[in-house]
Amino acid sequence: MLIVLSPAKSLDLETPPTTKLHSTPDFLEHSAQLIERMREFSPAEVGSLMDISDALSALNVARYASWTTDTVDARQAIMAFNGDVYAGFDARSLQPGQLDYAQSQVRILSGLYGLLRPLDLIHPHRLEMGTRLSTARGKDLYAFWGSLITDALNRTAEQQGAKVLVNLASEEYFKSVKPRQLAVPVITPVFEDWKSGKYKIISFYAKRARGMLARYAAVNDIRDPEQLKAFDVDGYGFVPEASNDSSWVFRRKVAQ
């Protein structure tokens, strides 16, 4: 079983990592090409391209300028990303064996790095997968990455003997994967909360729940996806009547 997550926009560059173990991203030469492309843009152009503030534009232009393939001052991806998914995953509280599971079974889709292992060292950056950044390979990052991400997932699935890919990424990021070219079927968990008289997806809670499910898999050393149906963290429960082979629905009555 493989699990894919989205990255996070926000980064924690201050809290010390809880492990010194690390690895190197597989697609650094491709990342370097994207960085060279981004260095062509002024802060105003970056702001327009990404629809971000002047302050964030200036910050990221400085990050592009200082980015390097060297690992000095880099930080493990799972320790750097700091959004809702990663609050749910809470990697710093995992035991060494649980981090080993994550390193083996979890992959993070990335606009800049393509595909990351949790302990891959990364530098601060912002480049969302949906950014319409034109390159020699095409009009956007989906064209830039092409089949590279899918091929890497297939290689990993073969090496690990994985029979299923569990998609805990957002729609924006999972569009970088080509499901028809995957060697394994995809299961997408869906998290719904009760609000205003019905169950619905509430973004904040759903993102956090994706991280919690990935953590649940790591803590319980889950290799068979059927075991994920027992997920009951924070009041969620699997709903078989609302699910099918490719979409597994988890619901809870009261948002926490």
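Q: Which residue does L165 stand opposite in β7?
A: L165 stands opposite V186. This is a predicted model: local features need pLDDT of at least 70, side-chain atom pairs count only at pLDDT 80 or more, and totals for chains, interfaces and linings use all residues. Residues are numbered from 1 along each chain as its sequence is written, and side-chain values use heavy atoms, leaving out hydrogens and water.

Q: How do β6 and β7 pair, parallel or antiparallel?
A: Parallel, over two bridges. Two strands pair if DSSP finds at least two bridges between them. Strands are DSSP runs (E, at least two residues), and helices are runs too (H or I, at least four), numbered from the N terminus.

Q: How many bridges join β7 to β10?
A: Six, and the two strands run parallel. D193 has R252 in β10 as its bridge partner.

Q: And what about β8?
A: β8 covers residues 198-200 and runs antiparallel to β7, with three bridges. K195 is bridged to K198 there. In this hairpin, two residues sit between the strands, and S196 takes a positive phi near 55 degrees.

Q: Is β7 mostly covered or mostly uncovered?
A: Mostly covered: seven of its 10 residues are buried. Buried means under 20% relative accessible area, exposed over 50%, partly exposed in between (1.4 Å probe, protein chains only).

Q: New topic. Where does T156 lie?
A: In helix α8, residues 148-160. T156 counts as buried because its relative accessible area is 9%.

Q: Which residues does T156 touch?
A: L2 and R107, not counting residues up to four places away in sequence. Contact means heavy atoms within 4.5 Å.
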